[in-house]
Amino acid sequence: MSIALQLRELLRSGIHRIGELEIQTDVYGYPYVICHHEDAERSTDSAFGGLEVHEGPADARDLSTYAPDGSYRFAKGQTNLKQGWVMALENEEDLRLALDQFYPAGVGLFLASRAGALETETLREKLDRQTGMYRFARTISDAGAQRLVREVCGPAHQCAKKILWRIAPETPLEDSEASRYNGIPGGLAESQAIPLLCREACNHFVAECRKAAKAENDARSEAT
């Protein structure tokens, strides 16, 4: 079964949220409508409550690129999606295309995880693949990496994803708000949402590892 059809079955089972997006069905003749979940009630009013209407998935990329203050959203999992719009979609495939622009592979990762087929990558594996200026990130200590998870990841730092990776095969993440987070913004029940999953450290985290590794190296040099 295609991802689009599996998505349809998820919606029929009661799921209606992914990340900050609310997914509605059968609104003013459209099979599917998505909007920021804070706009969900307004979107069902007459003429979509005056929200800016986008027909089809083509504008999803632009809507997901910039935060309300106009700043670039460097990670699609950030919890700063702008409000004030609604997207009307004609079928499941258009819905999948739109969701993939807001949260790349978000639905597919969830389906793979549910089927027990989702592979993850440890932080060490990710860092060992870095080249050029980012090679130095490999030298970060385990303690430094654990601290970065607390300082960079999780909803307190505008990331909506559930972390699935470890530092190394035998080194799980330490307990923290970030490591416990379930990938569902807004406290919605898990039966009603597709969680955003983080199967490997993102490029932003790798860049922070490089900074932290250099700081660790500088501290060691000063101590000797």
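A charge sits over a ring if NZ of Lys or CZ of Arg is within 6 Å of the ring centre and within 35 degrees of the ring normal. Keep that in mind for the last stop. The model on screen is predicted.

**Whole chain**

Start with everything shown. The C-alpha trace spans about 70 × 40 × 30 Å along its principal axes. Colour by secondary structure: there are nine helices and eight strands. Then colour by accessibility. Of the 224 residues, 46% are buried. For contacts with a separation of 6 or more, 66% join residues 24 or more positions apart.

**Helices H1 and H5**

Select residues 3–12, helix H1, and residues 106–114, helix H5. Their axes come within 11 Å and cross at roughly 75°.

Now show side chains at the crossing. H1 contributes Ile3, Gln6, Leu7 and Leu10. From H5 come Val107, Gly108, Phe110, Leu111 and Arg114. By class, this contact has six nonpolar, two polar and one charged residues.

**Aromatic pairs**

Next, show the aromatic rings. How many aromatic pairs does the structure hold? There are five.

Zoom to Tyr30 and Phe48. Their ring centres are 6.4 Å apart, and the planes stand at 45°, so this pair is tilted. Tyr30 belongs to strand S3 (residues 30–36), while Phe48 is in the loop between helix H2 (40–43) and strand S4 (52–55). The pair therefore ties together parts that are 18 residues apart in sequence.

The cut-off for buried is under 20%.

Move to Tyr66 and Tyr72. Here the ring centres are 6.3 Å apart and the planes are at 70°, so the pair is edge-to-face. Tyr66 is partly exposed, with a relative accessible area of 41%. Tyr72 is exposed, at 55%.

**Charges over rings**

For the last stop, select Tyr134 and Arg210. Arg210 lies over the face of Tyr134, 5.9 Å from the ring centre. That distance is inside the 6 Å limit. Then select Phe136 and Lys214. The charged end of Lys214 sits over the Phe136 ring, at 5.4 Å from its centre.

Methods
Residues numbered from 1 in each chain as written. Predicted model: local features only at pLDDT ≥ 70, side-chain atom pairs only at ≥ 80, totals over all residues. Heavy atoms only, no water. Axes fitted to C-alpha atoms, helices over the stretch in contact; angles between N-to-C directions. Helix = DSSP H or I, 4+ residues; strand = E, 2+ residues; numbered from the N terminus. Contact = heavy atoms within 4.5 Å. Nonpolar A, V, L, I, M, F, W, Y, C, P; charged D, E, K, R; others polar. Phe/Tyr/Trp six-rings, centres within 6.5 Å; stacked < 30°, edge-to-face > 60°. Buried < 20%, exposed > 50% of the residue type's maximum accessible area, 1.4 Å probe, protein only.
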